[in-house]
Number of protein chains: 2
Amino acid sequence: MAQGHEVLGLSRSAETARIAGDRRAVQAASCDPAILANTELVFLCTPVGMMLPTLTRLRPHLSPTTVLTDVGSVKAFVVEAIAPLWPNFVGGHPMAGTAETGIMAAQLGLFCDRPYVITPTESTPPAALSLVQEVVQSLGANLYTTTPALHDQAVAWISHLPILVSAGLITACMSEPNSQIQALAQAFASTGFKDTSRVGGGNPELGRMVAQFNRTALLNSLTVYHTQLEKLKELIKAEKWDDLELILTKNQAERPKFLD
Amino acid sequence: MAQGHEVLGLSRSAETARIAGDRRAVQAASCDPAILANTELVFLCTPVGMMLPTLTRLRPHLSPTTVLTDVGSVKAFVVEAIAPLWPNFVGGHPMAGTAETGIMAAQLGLFCDRPYVITPTESTPPAALSLVQEVVQSLGANLYTTTPALHDQAVAWISHLPILVSAGLITACMSEPNSQIQALAQAFASTGFKDTSRVGGGNPELGRMVAQFNRTALLNSLTVYHTQLEKLKELIKAEKWDDLELILTKNQAERPKFLD
């Protein structure tokens with residue numbers, strides 16, 4: 001709305017639709033899919049596993065010229081599921097948001113200066129692609145256009161692998177059988193444990209979802225991770241301290257490339 | 001000083017000694033080990049690898065009744081190195097501090113309400129143990145008394161293992177050979193990568209030090225971690241999503257035990 005678009009909302013919940021209107025997140029909102037009849041562009045914002053059933057319900061209400069996009073955090077699964085049913089589809093992944101969910105988390109300028117990835121394929125209609133790119137740019141987001149497979153492997157590295165690496169840390173610490181050591185570990189844990197375990201101790205449904213819908217890329221990342229960790233372990237076993245410090249020094253230099 | 005103790009400082013650097021006095025961190029400071037001649041209790045605050053050579057230099061200046069303690073973050077290595085040379089020794093590990101080092105990081109109340117671990121052995125003189133416990137308690141720290149081995153395994157879990165787990169994440173992400181995926185990963189990385197990679201991308205000397213001086217406990221933790229991560233990977237391979245979510249749900253419930 002702030003960019004001059006007319007924004008309509010469709011929700012399963014009448015209460016959500018009412019609040020969306022009250023908070024001026026949309027011009028109008030409804031529980032009736034008929035509200036989408038004359039829309040140019042529809043954003044599918046359900047969990048990844050619900051996109052296909054949702055589209056099946058919405059489909060009879062959409063005009064064939066309507067462009068469909070989504071905001072799911074995995075792309076190959078979504079594109080392969082949706083595009084055959086709705087050719088006028090462009091996969092999308094806005095990388096913004098807070099730990100909050102639901103309509104109360106709506107925020108003006110949420111996408112501003114954040115990455116927004118679109119993943120067209122060879123069969124994506126050029127006009128559909130242009131429309132989504134245009135709208136994304138109007139939000140002030142940083143637009144990236146890539147393939148579903150490249151997107152999925154990139155997010156596996158920096159978003160989904162950390163969840164598993166971090167989850168393994170918690171289960172490993174909890175598996176200590178000596179109750180004295182367990183109690184001391186819990187008493188001594190500080191910022192190092194806190195930060196490294198954060199995403200592995202987060203929303204279990206999110207962890208399940210990324211594993212389920214980005215399985216291939218995540219398994220690939222886990223295999224490489226395993227190899228890298230074994231290399232570090234071998235250096236420690238062999239007491240090759242200079243080699244270990246060299247890798248840690250490289251890590252310290254490389255990490256900022258991911259954080260600019 | 002704030003607790004009524006008379007505090008003296010010994011540094012290799014005259015500048016550090018001067019600043020320590022100026023900042024009133026000590027009553028007096030010097031570069032001359034003779035300043036320690038009549039001390040009741042000496043805190044050895046060098047890096048772990050420097051403790052033995054430091055004691056060798058100080059030893060001629062200490063009275064046989066002087067109690068020695070240290071602030072190193074590993075204990076079996078230190079206790080085994082120091083106790084034979086100075087029987088009146090009690091290993092210690094104050095779990096406080098900031099990312100800053102040096103005299104400018106001196107802070108009143110630094111140890112207040114933080115864990116302070118002491119690791120006596122069967123041959124530690126009871127009077128030496130009592131003195132260190134008494135001083136630690138006067139600082140308002142939370143005193144834990146345990147063995148060097150139990151201490152080292154506990155800190156391996158929550159402090160040293162996270163460094164390696166996190167370091168492996170950075171080297172794994174950097175090892176992606178496809179430059180497009182590498183660039184996207186670097187562009188998309190956000191708080192999940194940032195937090196999980198923090199301690200693995202930190203001070204390389206610290207990482208080397210914990211691996212070198214807590215090698216056995218760390219290798220044990222890495223072996224258990226490997227088994228736990230493989231379990232998670234097998235669930236993903238076998239698409240056992242309910243089992244995976246169950247573990248992640250348990251993680252979410254268990255993690256706060258480490259953070260109270």
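This is a predicted model: local features need pLDDT of at least 70, side-chain atom pairs count only at pLDDT 80 or more; totals for chains, interfaces and linings use all residues.
The same surface serves both copies, as 100% of the contact residues of chain A recur in chain B.

The contact draws 88 residues from chain A and 88 residues from chain B. Between them, the two chains bury about 8500 Å², of which 70% lies on carbon and sulfur atoms. On the side of chain A, the most area is lost to chain B by F188(A), R255(A) and F258(A), which together account for 10% of what that side buries.

Polar interactions also cross the interface of chain A and chain B: 8 salt bridges were found, along with 26 residue pairs in polar contact, with both residues at pLDDT 80 or more. A salt bridge joins the side chains of D242(A) and R208(B), with an N to O distance of 2.8 Å.

Several elements of chain A each supply at least two residues of the side that touches chain B, namely β6 (115-119), α5 (148-174), α6 (179-188), α7 (191-197), α8 (204-213), α9 (215-237) and α10 (241-254). The largest share of this side, 20 residues, comes from α5(A). By class, the side of chain A that touches chain B comprises 43 nonpolar, 28 polar and 17 charged residues.

Note on methods. Residues are numbered from 1 along each chain as its sequence is written. Chains are lettered from A and ligands numbered from 1 in the order in which they are written. Side-chain values use heavy atoms; hydrogens and water are left out. Contact means heavy atoms within 4.5 Å. Buried area is the accessible area (1.4 Å probe) that two parts lose on being put together, summed over both. A salt bridge is a side-chain nitrogen of Lys or Arg within 4 Å of a carboxyl oxygen of Asp or Glu. A polar contact is a pair of N or O atoms within 3.5 Å; within protein, one must be able to donate a hydrogen and the other to accept it, and residues adjacent in sequence count only if both atoms are side-chain atoms. Helices (H or I, at least four residues) and strands (E, at least two) are DSSP runs, numbered from the N terminus. Ala, Val, Leu, Ile, Met, Phe, Trp, Tyr, Cys and Pro count as nonpolar, Asp, Glu, Lys and Arg as charged, and the others, Gly among them, as polar.
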